[in-house]
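Student: I am new to this structure. Please take me through the terms used for it, one at a time.

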Amino acid sequence: FRIMRLIFVSPKFPQTEIWNDSCSCSELSYSIENGSVGATTNPVIVLNVLKKELKDWEPTINQLIADMPSATEDEIAWETIRAMGTKASKLLMPCFEENKGKKGRISFQTNAKLYRSKGGMVAHAADLASSCPNSQIKAPTSKAGVEAFEEMTYRGISVNATVSFTTDKSNVCNDVNSISKKESKINSIYFGFFNKNYTLKQSF
């Protein structure tokens, strides 16, 4: 019911973007058919996908374990997230190319444990952003996160500032983007609140 309401509203308000809050390719395919222009990943989302599609992903996970014999469980988990997001990104590539990068992105979330580390978030963001051409990096709007946004944007990384549910936070992010644009002449920051770029978690 909720997705049908969004499908009805979206043509009337073209500034509204529908994102699929899952990296499941089956769910994303349905969502794209009904107007979605992006998708997101994070550890919780990936776990939920694995609960439904473990048989499909077991070969990939087993191969990662074999290829990375000294890797920690966390490292295997992040590589699994990368694999899922990269696969889903291919479904969004036509939208990405048609809209010249303004839509059609797959969002990867930096490790939430790094919320106090500007350098840690920037390094993880750069690594995740290299996964596919239409990546977007989601990072927390903490003090260190806002400082990291400027460096990420300067490097040409598309950023989703989360969670920005207040005007003050959105204004801070907007200021960071303006500074970075002047320095790098790259416009690559997207805000959940400021640009009305929302995601809806929907089960199909």
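**Terms and values**

Tutor: We begin with Pro 43. Pro 43 is partly exposed, because its relative accessibility is 40%. Buried means under 20% relative accessible area, exposed means over 50%, and partly exposed is in between (1.4 Å probe, protein chains only). This is a predicted model, where local features need pLDDT of at least 70, side-chain atom pairs count only at pLDDT 80 or more, and totals for chains, interfaces and linings use all residues. Residues are numbered from 1 along each chain as its sequence is written, and side-chain values use heavy atoms, with hydrogens and water left out.

Student: Which residues does Pro 43 touch, not counting residues up to four places away in sequence?

Tutor: Trp 78, Ile 81 and Gln 109. Contact means heavy atoms within 4.5 Å. Pro 43 and Gln 109 are 66 residues apart along the chain, yet their C-alpha atoms are separated by 8.2 Å. Pro 43 itself lies in helix H3 (residues 43-67). Helices (H or I, at least four residues) and strands (E, at least two) are DSSP runs, numbered from the N terminus.

Student: Why is strand S2 called largely enclosed by the rest of the structure?

Tutor: Count its buried residues. In S2 (residues 36-40), 5 of the 5 are buried, so the strand is largely enclosed.

Student: What makes S1 and S2 a pair?

Tutor: Two strands pair if DSSP finds at least two bridges between them. Strand S1 (residues 18-20) and S2 have 3 bridges and run parallel. One of the residues involved is Ile 18, whose bridge partner in S2 is Ser 36.

Student: Why is H5 called oblique to H6?

Tutor: Look at the angle. Helix H5 (residues 118-129) packs against helix H6 (residues 143-154) at about 45°, with axes 8 Å apart. That angle makes H5 oblique to H6. Under 35 degrees counts as roughly parallel, over 145 as roughly antiparallel, 65 to 115 as roughly perpendicular, and the rest as oblique.

Student: Why is H2 called roughly parallel to H4?

Tutor: Helix H2 (residues 25-33) and helix H4 (residues 73-98) cross at roughly 15°, and their axes come within 10 Å. So H2 is roughly parallel to H4.

Student: Which residues meet there?

Tutor: Cys 25, Leu 28, Ser 29 and Ile 32 in H2 meet Lys 87, Ala 88, Leu 91 and Leu 92 in H4. By class, this contact of H2 with H4 has 6 nonpolar, 1 polar and 1 charged residues. Ala, Val, Leu, Ile, Met, Phe, Trp, Tyr, Cys and Pro count as nonpolar, Asp, Glu, Lys and Arg as charged, and the others, Gly among them, as polar.

Definitions and conventions
Axes are lines fitted to C-alpha atoms, for helices over the stretch in contact, and angles run from 0 to 180 degrees between N-to-C directions.
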